[in-house]
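Have the model open in your viewer and let's walk through it together.

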Amino acid sequence: TKAAELGDADAQYRLARLYSSAEGVEKDRVKVINYLEESAIGGHAIARYRLGWIEWDNGNKERAVKHCVIAANLGDDDSIKVLMEA
């Protein structure tokens, strides 16, 4: 957690996954989103992609596409595929 606190995007992403899957911690959606946002700001493409899916599931389609465009620009292949199908 120290690396995440210091701004390590990979560490923040890993924490988001832990809170999402409840591996060793209590499941916490707020923390998932918080760590994904911090990781995405730090340039983590997969975190950005996952934020896009969260926005899509919440009905925020325009915002979801923006997240996917950013993730695709960062080189995330899944985001590219989603955008091609949209």
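Arginine 63 and glutamate 55 make a salt bridge, with 3.5 Å between their closest N and O atoms; the term means a side-chain nitrogen of Lys or Arg within 4 Å of a carboxyl oxygen of Asp or Glu. How buried or exposed are the two partners? Arginine 63 is partly exposed at 46% relative accessibility, whereas glutamate 55 is buried at 12%. For these labels, buried is under 20% relative accessible area, exposed is over 50%, and partly exposed is in between, with a 1.4 Å probe and protein chains only.

A word on ground rules: this is a predicted model, with local features needing pLDDT of at least 70 and side-chain atom pairs counting only at pLDDT 80 or more, while totals for chains, interfaces and linings use all residues. Residues are numbered from 1 along each chain as its sequence is written, and side-chain values use heavy atoms, leaving out hydrogens and water.

How many salt bridges does a search of the whole structure find? It finds two. Besides the one joining arginine 63 and glutamate 55, there is a salt bridge between lysine 66 and glutamate 62, with the closest N and O atoms 3.7 Å apart. Both lysine 66 and glutamate 62 belong to helix α5 (residues 61-73), where they sit four residues apart, about one turn of the helix. Glutamate 62 counts as exposed, at 60% relative accessibility.

Histidine 67 is buried, with a relative accessible area of 9%. Its side chain has a polar contact of 3.3 Å with the side chain of arginine 48. A polar contact here is a pair of N or O atoms within 3.5 Å; within protein, one must be able to donate a hydrogen and the other to accept it, and residues adjacent in sequence count only if both atoms are side-chain atoms. Setting aside neighbours within four places in sequence, histidine 67 is in contact (heavy atoms within 4.5 Å) with Arg48, Leu51, Gly52 and Glu55. Glu55 is also the salt-bridge partner of arginine 63.

Leu51 gives us a way into the largest nonpolar core, as one of its twelve residues. Such a core is a set of buried Ala, Val, Leu, Ile, Met, Phe, Trp, Tyr and Cys residues joined through side-chain atoms within 4.5 Å. Along with Leu51, the members are Ala4, Ala11, Tyr13, Leu15, Ala16, Tyr19, Val32, Leu36, Ala40, Ala47 and Ile54. Which elements give two or more residues to this core? They are α2 (9-21), α3 (29-41) and α4 (45-57), and α2 provides the largest share, five residues. In soluble globular proteins, nonpolar side chains tend to be buried together.

Now zoom out. The protein chain has six helices and zero strands; these are DSSP runs numbered from the N terminus, with helices being H or I of at least four residues and strands E of at least two. A compact globule of 86 residues would have a radius of gyration near 12 Å, and the chain's 13 Å agrees with that. The radius is taken over C-alpha atoms, and the globule rule is 2.2 Å times the number of residues to the power 0.38. Along the principal axes, the C-alpha atoms fill a box of roughly 35 × 25 × 15 Å. Of the 86 residues, 33% count as buried.

Two loops are worth a stop. Alanine 22, in the loop between α2 and α3, has a phi near 60°, a positive value in a residue other than glycine. Most residues other than glycine have a negative phi. Alanine 22 is partly exposed, with a relative accessible area of 35%.

Leucine 74 sits in the loop between α5 and α6 and is partly exposed at 43% relative accessibility. Beyond its neighbours within four places in sequence, leucine 74 is in contact with Gly43, His44 and Ala45. Further along, aspartate 77 is found in helix α6 (residues 77-85) and is exposed, with a relative accessible area of 52%. Aspartate 77 and alanine 45 are 32 residues apart in sequence and 9.5 Å apart in space, C-alpha to C-alpha.
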